[in-house]
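Hi everyone, thanks for making time. I'd like to walk you through one protein model today, so please have the structure open and follow along.

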Amino acid sequence: MKKFKTFLPEGSKLNQILCAILINFPVFVYGASIGWMSPMTLLLQSEDSPKGVPLTDTEVSWMAAVAYLVCIPGDLIMAYAGDKFGRKLSLLFISTMGSASWILLLVSMETWALILARALVGITMAGCYVTCPIYTKEISDANIRGTLGCLVILFHTTGNLFLYVIGDILSYRTILWVCLALPVFHIVIFMGMPESPSYLVKKGREEEAGRVLAWLRCRREEDVKVQEELDLLKKEQKNDEESSKFLLKAIVKDKILFRAFRIAMVATLAREVCGAIPVLNFAGEIFTWSSEGRDLFLTPNQQAMMLGAVQVLGSALASSVVDRIGRKPLLATTSLISGLSMCSLASWFVARSYGANPPSWLPILTLCLCIFCDSAGLQPVSIVLSGEIFSYKYRASIMGITMGMASFADFLQMLFFKPLANSIGIHVSFYFFGIICLLTAVYVALAVPETKSRSLEEIYEDLKTKKEREAEGTDKKLTLPELYVGSYKVTDPA
């Protein structure tokens with residue numbers, strides 16, 4: 001078996017940081033894949049299209065939407081692959097699919113090839129939000145786990161910005177070759193990285209898990225801290241084996257669980273239907289619509305770059321904002337600001353259609369606000385909130401259901417955004433996004449409990465109605481460490 005060696009100071013975090021960066025590198029490639037649609041939509045639908053003839057709105061809509069459709073079963077496939085074959089092989093498979101998508105775009109300009117290439121992006125999308133966060137958590141020390149966990153969003157947004165930039169300065173095929181080189185580089189480099197210690201323990205390879213932990217923590221294999229962490233992984237594995245599986249019937253029958261599920265679903269769908277997804281995929285075209293008949297200093301692609309930069313800024317600040325402000329006020333505030341910005345943009349398009357002369361900077365400002373709210377609040381808070389309002393045994397199943405619904409919502413947006421914008425007006429789409437965000441802000445203010453630094457018992461107590469609390473009485477109040485939700489016993493409320 002491979003013996004990992006390190007020459008770093010004892011207790012150094014460098015190996016973990018290096019490993020986490022390489023784990024999340026496919027997220028950067030995926031971000032570039034999503035960002036590719038913005039500048040390439042303008043090119044592929046122009047008279048200078050590398051295909052020879054401009055693509056139709058229907059073809060472009062399917063290219064944008066198919067990845068989200070494939071992602072729905074992809075979430076389940078990648079979750080199974082990670083448990084069956086390991087996190088490392090799953091990650092290498094993600095980069096392989098990423099390489100295949102760029103190769104398809106290089107070898108064929110046929111419509112079927114363009115759509116199939118984008119379908120493969122759906123596999124990388126699922127892996128990036130199933131495999132990468134789990135893998136990162138399982139190699140990270142507790143005191144830097146939060147920081148390394150934020151790399152998923154940061155790498156995604158940086159990948160978007162990277163493609164916006166090279167999409168404005170490089171040719172069509174050069175962009176494809178650059179993007180192909182990224183996953184190929186990752187496949188070669190990641191061969192030298194270790195498997196997740198948690199997976200190794202699950203498979204009974206405890207000796208190898210100890211060596212991997214020692215390398216990650218920059219300590220000797222016989223070090224007390226390495227052995228303590230290994231013992232903890234064994235204990236967690238035993239608890240997992242004893243945990244009961246999630247049943248959908250439990251959510252329906254138990255009022256508190258159902259309210260928690262409803263909150264998780266609203267938060268997740270609000271994140272996806274705030275307008276950020278179509279804005280990021282069609283940013284260049286949206287700016288083209290908004291700049292018709294106007295002499296603007298920045299081209300549509302350059303304005304899209306501004307969105308990418310704002311998104312990176314928001315994701316870089318996300319973790320510290322969540323910890324300082326709290327979940328509920330941050331989610332309500334970002335939903336409110338995003339809703340107002342989308343309604344303002346819709347009103348801008350309406351005013352211009354009636355011959356008014358609204359300020360040309362408003363589309364840039366409103367779209368930047370939407371993207372910032374998504375990456376700094378709506379996106380991270382929905383993920384954190386969904387994890388904090390369920391015990392360990394329910395968490396994975398709930399995340400799978402909500403992510404599947406989110407992918408379906410994204411698919412519908414990508415498929416119908418352009419046709420609807422062209423047929424009934426783009427202002428209708430933005431009014432829809434704005435109203436959804438405003439309703440979310442109201443719902444969060446009225447129904448969502450604060451979860452920051454609170455136990456599951458306290459959160460569930462807030463989910464009870466006044467009548468339920470009165471009927472229960474103080475003598476029936478649940479106490480830690482054992483929490484009962486209906487007839488389901490939760491021994492690990494954290």
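Arg87 is buried, and so is Glu138. Before I go on, please keep in mind that we're looking at a predicted model.

Why start with two charged residues? Side chains of opposite charge can pair when their charged atoms come close. In our model, the side chains of Arg87 and Glu138 meet in a salt bridge, with 2.9 Å from N to O. This pair ties together distant parts of the chain: Arg87 belongs to helix 3, residues 87-107, while Glu138 is in helix 4, and they are 51 residues apart.

Now look for another pair, Arg217 and Glu229. Are they buried or exposed? Both are buried. They also form a salt bridge, and their closest N and O atoms are 2.5 Å apart.

The next pair is Lys13 with Asp141, a salt bridge whose closest N and O atoms are 2.9 Å apart. Lys13 sits in the segment before helix 1 (14-44), and Asp141 is in the loop between helix 4 (111-139) and helix 5 (145-149), so to speak a link over 128 residues. What about their exposure? Lys13 has 25% relative accessibility, so it counts as partly exposed. Asp141 is at 21%, and therefore counts as partly exposed too. Buried would mean under 20%. In total, the count comes to 10 salt bridges.

**Stepping back**

Let's zoom out for a moment. How many helices and strands does the protein have? There are 21 helices and two strands. The protein has 494 residues, and 53% of them count as buried. Its accessible surface comes to about 21,700 Å², and 65% of that belongs to carbon and sulfur atoms.

Take the contacts in the protein with a separation of 6 or more: residues 24 or more positions apart account for 79% of them.

**Two residues and their neighbours**

Let's see what such contacts look like up close. Find Asn24, in helix 1. Its relative accessibility is 0%, so Asn24 counts as buried. Which residues is Asn24 in contact with, leaving aside its neighbours within four places in sequence? The list is Cys132, Thr136, Leu148, Leu151, Val152 and Phe155.

Then there's Met97, over in helix 3. Met97 is at 17% relative accessibility, so this residue counts as buried. Not counting residues up to four places away in sequence, Met97 touches Leu120, Ile123 and Thr124.

Phe408, Leu412, Phe416, Leu420, Ile424 and Val428 make a nonpolar surface patch of about 480 Å². Which helix gives the largest share? That's helix 18, residues 392-424, with five residues.

Val428 is found in helix 19, residues 426-447. At 33% relative accessibility, Val428 counts as partly exposed.

The buried residues of helix 19 are Ile426, Ser429, Phe430, Phe433, Gly434, Cys437, Thr440, Ala441 and Val444. They cover an arc of only 130° around the axis, which means they lie on the same side of helix 19. What do we find on the other side? There, Leu439 and Leu446 are exposed.

Last stop: helix 20, residues 456-463. Six of its eight residues are buried, so helix 20 is largely enclosed by the rest of the structure. Those buried residues are Leu456, Glu457, Ile459, Tyr460, Glu461 and Leu463.

Notes
Residues are numbered from 1 along each chain as its sequence is written. This is a predicted model: local features need pLDDT of at least 70, side-chain atom pairs count only at pLDDT 80 or more; totals for chains, interfaces and linings use all residues. Side-chain values use heavy atoms; hydrogens and water are left out. A salt bridge is a side-chain nitrogen of Lys or Arg within 4 Å of a carboxyl oxygen of Asp or Glu. Helices (H or I, at least four residues) and strands (E, at least two) are DSSP runs, numbered from the N terminus. Buried means under 20% relative accessible area, exposed over 50%, partly exposed in between (1.4 Å probe, protein chains only). Patches are made of residues with over 30% relative accessible area and no salt bridge: like charges are joined within 9 Å, nonpolar side chains (Val, Leu, Ile, Met, Phe, Trp, Tyr) within 5 Å. Accessible areas come from the Shrake-Rupley method with a 1.4 Å probe; for residues, only the protein chains shown count as cover. The arc is that of the directions from the helix axis to the C-beta atoms. Contact means heavy atoms within 4.5 Å.
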